[in-house]
Amino acid sequence: MAKHPHGAHTNDGKPYSATYLRTLNNQLTAILNHAERYYGLSSNPAMRTVKMGGKEARTMNFWTKDEYLRFSDATVDAPRTFVIFEVLYWTGIREGELLALTPDSFDWKKSTIAGLATVCWTVS
């Protein structure tokens, strides 16, 4: 397995993205700034380090509504696939959240999905 320059990896051994590392670095700096300002931290150690990660996030492509509707029409004869993609597209939940849904997750009277959880696997 190739080493990440900062040694940070997800549970499955993949390196975190540069923009994720940058976000973590910014959050830590903000917490330490707060501690310096309000709780007497002598100096923020994050200010003396080089920022991690990258500024530029990778581009994400999304379907337009028309593109999705064309796809949806093509899956209407496969009910399971149709319902899965309808829930993903119209609610915006992630794959792991979808996989964690149970019949109790749905409130049909309120037309809501509640108690979202995430499914994840550990590979050893």
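**View A. Ser72 is in contact with Phe82 and Glu86, once its neighbours within four places in sequence are left aside.** Contact here means heavy atoms within 4.5 Å. This is a predicted model, so to speak of local features a pLDDT of at least 70 is needed, and side-chain atom pairs count only at pLDDT 80 or more, while totals for chains, interfaces and linings use all residues. Residues are numbered from 1 along each chain as its sequence is written, and side-chain values use heavy atoms, with hydrogens and water left out. Ser72 itself sits in helix H2. Helices (H or I, at least four residues) and strands (E, at least two) are DSSP runs, numbered from the N terminus. Is Ser72 buried or exposed? Ser72 is buried, because its relative accessible area is 6%; buried means under 20%, exposed over 50%, and partly exposed in between, using a 1.4 Å probe and protein chains only.

**View B. Thr75 also belongs to helix H2, which covers residues 65–75.** Skip the neighbours within four places in sequence, and Thr75 is in contact with Thr81 and Phe82. Thr75 has 10% relative accessibility, so Thr75 counts as buried.

**View C. Here helix H2 meets helix H3 (residues 79–91), with axes that come within 9 Å and cross at roughly 160°.** That angle makes H2 roughly antiparallel to H3. For the terms, angles under 35 degrees count as roughly parallel, over 145 as roughly antiparallel, 65 to 115 as roughly perpendicular, and the rest as oblique. The axes are lines fitted to C-alpha atoms, for helices over the stretch in contact, and angles run from 0 to 180 degrees between N-to-C directions. The crossing of H2 and H3 is left-handed, that is, the near helix is turned anticlockwise from the far one by less than a right angle (clockwise would be right-handed).

**View D. Which residues bring H2 and H3 together?** On the H2 side you'll find Lys65, Tyr68, Leu69, Phe71, Ser72 and Thr75, and they meet Pro79, Thr81, Phe82, Phe85, Glu86, Tyr89 and Trp90 in H3. Sorted by class, this contact has eight nonpolar, three polar and two charged residues. Ala, Val, Leu, Ile, Met, Phe, Trp, Tyr, Cys and Pro count as nonpolar, Asp, Glu, Lys and Arg as charged, and the others, Gly among them, as polar.

**View E. Ile84 is another residue of helix H3.** With 30% relative accessibility, Ile84 counts as partly exposed. Look for Glu95 as well: Ile84 and Glu95 are 11 residues apart in sequence and 9.5 Å apart in space, C-alpha to C-alpha.

**View F. Thr23 is found in helix H1, residues 18–39.** Thr23 counts as partly exposed, at 38% relative accessibility. Along the chain, Thr23 and Met52 are 29 residues apart, and their C-alpha atoms are separated by 8.8 Å.

**View G. Ser111 sits in the loop between strand E1 (106–107) and strand E2 (112–113).** Ser111 has a positive phi of about 55°, although it is not a glycine. Most residues other than glycine have a negative phi. Ser111 is exposed, with a relative accessible area of 67%.

**View H. Stepping back, the protein has four helices and two strands.** From the N terminus on, the elements run α-α-α-α-β-β. Buried residues make up 18% of the 124 residues. The accessible surface comes to about 10400 Å², and 57% of it belongs to carbon and sulfur atoms.

Notes: Accessible areas come from the Shrake-Rupley method with a 1.4 Å probe; for residues, only the protein chains shown count as cover.
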